Amino acid sequence: MNRKNGSFIGGAMALLLSSIVVKLLGALFKIPLTNLIGDSGMGLFAFAMQFFSLLFVVAAAGLPVAEAHLVSEALALGERERAKAIVRHAIRAFGVIALALAAALAGFSPTICHLMGEPDAVWCLTAIAPAVFFVTVEAALRGWYQGTGNMVPTAVSQVAEAVGKLVVGLILAKNMLDAGYGITGAAVGAVMGVTCGELLAMSYLLWSARRGIRQGLFHRTKHPSALPQLFQLMVPVTLGAAVMTVSGFLDMAVIYRRLPAAGFSAEQIVAAYGAYTGMAMTLFNLPQALSNSVSISVLPALSAAHACRNSKQERRLVTSSMRLTLLVCLPCGAGLFVFAEPLLRVLFASQPRGIQTAEPLLRLLGIAEPLVGLSAVATSVLQSFGRPDLTVYAMAAACTAKFAVGFYLAGQPEINILAAPIGTLVCYSVMLLLNLISIVRQMHWVPPLFRAILRPLAASMGMAVLSLLLEQQLAQKMALMPAVALTVMAAVPIYVVLLLVFHALEAEDVRPFPGGDRMIRFLRLKE
């Protein structure tokens with residue numbers, strides 16, 4: 001197998017492992033939190049997080065990518081001091097911007113909550129405001145480490161952020177609830193946990209940068225400002241991130257503003273939104289660790305192949321990245337569709353009302369899982385070709401379609417909150433289609449997507465049916481939790497066997513793993 005192809009997949013696997021840790025810590029935070037404060041409390045928590053995400057995008061979403069490019073370029077030319085100066089300029093300029101945005105969010109939180117029809121969320125917005133500044137400084141420091149090729153500090157800071165959020169958020173939420181501050185106070189405690197997690201991550205990155213970057217951070221430098229270059233490189237990346245963040249923000253606005261037309265009271269709206277974000281979306285987001293890892297890993301390898309005009313290598317990388325994504329996202333989506341109800345009952349046993357709301361939402365989101373994974377990979381492919389503008393157009397069109405569908409459907413009593421996952425399905429279908437059209441035009445080649453989907457899809461559907469039958473048999477002999485746990489563990493070997501039965505597994509998919517060559521010989525896979 002081509003060395004670059006193998007290194008890209010190996011990098012994806014390494015990133016996947018670190019992402020899994022963060023995802024699991026996130027689930028360990030959200031699942032107990034949802035059981036503690038319920039769907040109404042999660043609605044308030046999600047309300048604050050949407051504004052946090054929006055302001056981060058405005059302040060620094062594209063900063064790490066742009067900064068890493070400039071830093072690596074300077075280091076390649078032997079200009080280490082200029083590379084450090086780039087980071088210092090970024091921290092100063094974007095730190096000031098983030099500080100102003102944080103102050104504005106805290107100061108205008110009563111007005112914002114009044115306009116959105118959610119007066120109970122004022123203190124949640126105030127509590128999340130400092131995190132906008134912390135995460136922006138993190139972004140500037142992570143850009144330095146990515147530019148130097150040292151991913152360890154970034155990985156450690158992400159884990160520190162997740163641990164801080166988990167420990168502080170759950171403790172504060174529980175203490176606020178016990179102190180008599182109710183669901184609103186507990187939601188504020190959970191939000192403060194997020195802020196403390198960002199503070200911990202920023203503190204670690206500043207500590208790790210104690211030699212070099214941090215020295216002279218507030219002193220003048222003889223190097224010219226890198227801000228014009230940073231802004232120029234950040235614009236397309238930021239626009240892409242902004243479109244998707246605004247999509248989630250508009251999703252929230254549609255739910256809060258349109259569900260009254262479907263006969264929902266203010267309390268029911270908060271509860272429905274909390275079930276959607278705290279339960280359905282928590283499970284939906286877990287498999288995306290893989291697609292994000294693949295999309296990050298494939299970008300530099302594809303960029304190199306594109307620069308060398310190696311069309312054969314480009315096609316191989318595009319095919320491998322899409323196949324790898326589908327091999328995981330298809331069974332995950334099938335599992336979420338089939339096991340939506342038992343998974344929710346096991347994880348959120350104390351929230352029967354929320355489970356009833358979240359079950360159909362999670363089934364629809366399960367269908368969208370492979371679309372999300374492929375969309376992330378297709379976006380990275382176009383970015384590696386130097387055409388991030390095409391991904392922005394696709395995202396804008398997809399979000400427009402999502403908003404239109406959501407706005408129309410959310411006001412209908414028989415659909416109501418189901419409009420959110422339906423809009424997600426429409427959004428990623430449109431985005432994937434437009435991105436694929438752009439890839440075909442750029443490469444003058446059609447990716448073998450149908451062949452990559454067909455056999456893993458058959459294996460995934462077979463796995464889902466067999467696992468469902470197994471779970472039903474086990475549930476008659478034992479409690480729900482061990483029955484679901486045993487079924488999930490059995491689903492993995494069932495899926496692997498079905499991949500072999502349907503000849504859906506190829507040597508290219510196995511070789512990058514430890515002992516890959518031995519596995520190829522043992523499974524008798526074709527080269």
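A46 is buried, at a relative accessible area of 9% (buried means under 20% relative accessible area, exposed over 50%, partly exposed in between, with a 1.4 Å probe and protein chains only). This is a predicted model, where local features need pLDDT of at least 70, side-chain atom pairs count only at pLDDT 80 or more, and totals for chains, interfaces and linings use all residues. Residues are numbered from 1 along each chain as its sequence is written, and side-chain values use heavy atoms, with hydrogens and water left out.

A46 sits in helix α1, residues 3-60. Helices (H or I, at least four residues) and strands (E, at least two) are DSSP runs, numbered from the N terminus. A46 is in contact with Y273 and T277, leaving aside neighbours within four places in sequence (contact means heavy atoms within 4.5 Å). The C-alpha atoms of A46 and G274 are separated by 7.0 Å, yet these residues lie 228 apart along the chain.

F29 also belongs to helix α1. F29 is buried, at 1% relative accessibility. Its contacts beyond four places in sequence are F45, K165, L166, G169, L170 and A190. F29 and V168 are 139 residues apart in sequence, and their C-alpha atoms are 9.9 Å apart.

## Overall fold

The protein chain has 19 helices and 0 strands. Of its 527 residues, 52% are buried. Take the contacts between residues at least 6 apart in sequence: 81% of them join residues at least 24 apart.

## Two helices checked by length

The expected span of a helix is 1.5 Å times one less than its number of residues. Helix α13 (residues 352-384) has 33 residues and should span 48 Å; its end C-alpha atoms are 46 Å apart, which agrees. α13 bends by about 40° at A368, and the proline P370 follows within four residues. The bend at a residue is the angle between axes fitted to the seven residues ending there and the seven starting there.

Just after α15, H444 takes a positive phi of about 55°.

## Cysteines

How many disulfides does the structure hold? There are 0, a disulfide being a pair of cysteine sulfur atoms within 2.5 Å. The closest cysteine sulfur to that of C329 is in C332, 6.4 Å away, so it is too far for a bond. C329 is buried, at 1% relative accessibility.

For C399, the closest cysteine sulfur is in C427, at 4.6 Å, again too far for a bond. C399 is buried too, with a relative accessible area of 9%.

## Cavities

The whole structure has 3 cavities of 30 Å³ or more. On a 1 Å grid over the protein atoms alone, a cavity is a set of points where a 1.4 Å probe fits but cannot get out; lining residues have an atom within 4 Å of a point. Grid points are joined across faces, edges and corners, and a volume is the space filled by probe spheres set on the points.

The largest cavity holds about 50 Å³ of space. Its lining is S247, L250, D251, V254, C399, K402, F403 and G406. Helices α8 (227-258) and α14 (388-410) each supply at least two of the lining residues.

## T487 in helix α17

Is T487 buried or exposed? T487 is buried, at 1% relative accessibility. T487 lies in helix α17, residues 480-501. Beyond its neighbours within four places in sequence, T487 is in contact with F339, S467, L470, E471 and L474.

Notes
1 Å grid on protein atoms, 1.4 Å probe; cavity = no way out; pocket = protein on both sides within 12 Å on 5 of 7 lines; lining within 4 Å.
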